[in-house]
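The sequence and the model go in here before any entry.

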Amino acid sequence: MMNKYYYCILTSCTLCFFSLISLAQETPKDTSYWKKASKFGLNLSQGTFNEGWQGGGLNNIALGVYLNSKGEYTRDRDNWVNDFQFQLGAIKNKGDAFRKSVDRLFFDSKYGRKLGEVSKWYFFTNLNFLTQIANGRDFGNERMPFISAFFTPAYLTEAIGIEWKPTKFFSMQFSPGAVRQTILGNKNLYKAIDLLAPEYKFSNYGVERGKSVRNEVAIMQLVMNFDKDIAKDVNFKWRYQAFAGAKDLRAIDNRLDAQLTAKFAKYFNVNLGLIAIYDQDQVAKMQLAQSINFGFLYSW
């Protein structure tokens with residue numbers, strides 16, 4: 001068990017290390033065509049109460065780290081955007097082990113070719129990867145084993161389509177025939193769940209039991225991106241994705257990731273995050289995750 005956690009931590013550090021190294025390398029001669037921006041954040045909160053404290057409370061500690069890095073190349077009618085995002089957080093209350101609070105590893109690479117010199121429309125091709133790195137458990141059921149794990153699930157999506165980009169901070173992509181793979185790093189995850197909590201009716205993320213990959217073709221995929229400084233030192237960004245699989249048009253997968261970051265005193269920030277998911281391959285109800293963090297922020 002501990003080896004798996006050490007492996008997750010090592011993987012996270014390795015990803016962060018190579019991301020920082022790549023940013024530190026010498027830029028090519030055509031540096032005027034590249035725009036790069038990166039942010040590293042570290043959040044920590046702690047509360048301690050002695051035996052005489054009458055206001056109520058439970059000793060706790062929470063940790064969180066994130067790294068966002070984006071590079072955009074624009075030359076003539078060509079546009080290439082690479083976006084890397086990593087978030088990992090945990091909280092520990094007295095008497096409990098550390099519990100995961102946020103876990104997201106995201107990479108998106110998109111090449112677009114403008115349809116005309118002054119057009120706001122692009123033909124694009126896109127590769128997107130989304131997963132997590134640490135084990136996850138439903139703490140509402142004491143007997144519940146892990147329901148997610150390292151690269152379980154992971155989503156790889158390939159798309160070709162048309163993009164509308166009316167401003168620098170907003171874009172909308174339409175992709176008929178997008179292809180998505182749902183990948184299970186641990187294809188046997190369902191066995192412990194069926195044994196210890198059969199009432200849970202685990203969906204196995206839509207992957208056939210005993211297999212590691214599920215392939216889906218979409219009739220339509222819609223992606224919208226917004227990323228703008230709405231005030232001085234205040235950034236608001238969100239990404240919405242809708243994936244309509246060809247097999248069941250009534251079961252459209254929806255996901256929204258939103259983040260508001262306010263920077264102050266040069267190296268500190270307040271960060272508000274929201275994730276909303278509706279995916280019947282996971283559970284037939286809305287999933288919501290909200291967080292508020294305060295901590296250190298370094299941008300370059």
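How many salt bridges does a search of the whole structure find? I looked this up and the search returned 14 salt bridges, a salt bridge being a side-chain nitrogen of Lys or Arg within 4 Å of a carboxyl oxygen of Asp or Glu. I note at once that this is a predicted model, in which local features need pLDDT of at least 70 and side-chain atom pairs count only at pLDDT 80 or more, while totals for chains, interfaces and linings use all residues. Residues are numbered from 1 along each chain as its sequence is written, and side-chain values use heavy atoms, with hydrogens and water left out.

Entry on salt bridges.
I looked up D108 and found a salt bridge to R239, with the closest N and O atoms 3.8 Å apart. D108 lies in strand β4 (residues 99-114) and R239 in strand β12, so this pair ties together parts that are 131 residues apart in sequence; helices (H or I, at least four residues) and strands (E, at least two) are DSSP runs, numbered from the N terminus. Both D108 and R239 are buried, where buried means under 20% relative accessible area, exposed over 50% and partly exposed in between, with a 1.4 Å probe and protein chains only.

I then turned to D281, whose side chain meets that of R214 in a salt bridge of 2.7 Å, N to O. This pair links distant parts of the chain, since D281 sits in the loop between β14 (268-279) and β15 (283-299) and R214 in strand β11, 67 residues apart. The side chains of R255 and D257 also meet in a salt bridge, at 2.8 Å from N to O; R255 is buried at a relative accessible area of 19%, and D257 counts as buried at 11%. I also noted that salt bridges with shared partners join R180, R214, E216, D253 and D281 into one network.

Entry on aromatic rings.
Rings of Phe, Tyr and Trp (its six-membered ring) pair if their centres lie within 6.5 Å, with planes under 30 degrees apart counted as stacked, over 60 as edge-to-face and the rest as tilted. By this rule I have 17 aromatic pairs. I followed F226 and F236, a tilted pair at 5.9 Å centre to centre with 55° between the planes, which links F226 in strand β11 (residues 213-231) to F236 in strand β12 (residues 234-245), 10 residues apart. F226 is buried, with a relative accessible area of 16%, whereas F236 is partly exposed at 27%. Both F226 and F236 belong to one aromatic cluster, together with W121, W164, F169, F170 and W238.

I looked as well for charges over rings, that is, NZ of Lys or CZ of Arg within 6 Å of the ring centre and within 35 degrees of the ring normal. K228 lies over the face of F169, at 4.5 Å from the ring centre, and R137 lies over the face of F146 at 4.4 Å.

Entry on nonpolar cores.
A nonpolar core is a set of buried Ala, Val, Leu, Ile, Met, Phe, Trp, Tyr and Cys residues joined through side-chain atoms within 4.5 Å. The largest has 13 residues, and those with the most contacts inside it are M144, I147, L184, L189, I193, F202 and Y205. The elements giving two or more residues to this core are β7 (146-148) and α2 (189-196), and α2 gives the most, with three residues. I listed what I147 touches, contact meaning heavy atoms within 4.5 Å: leaving out residues up to four places away in sequence, these are G136, R137, D138, L189, I193, Y200, F202 and Y205. Apart from this core lies another, of six residues, among them L67, F84, L105 and A134.

The C-alpha atoms of F84 and K70 are separated by 6.2 Å, though the two residues are 14 residues apart along the chain.

Entry on S171.
S171 lies in strand β9 (residues 170-175) and is buried, with a relative accessible area of 8%. Beyond residues up to four places away in sequence, S171 touches E163, W164, K165, V223, M224 and N225.
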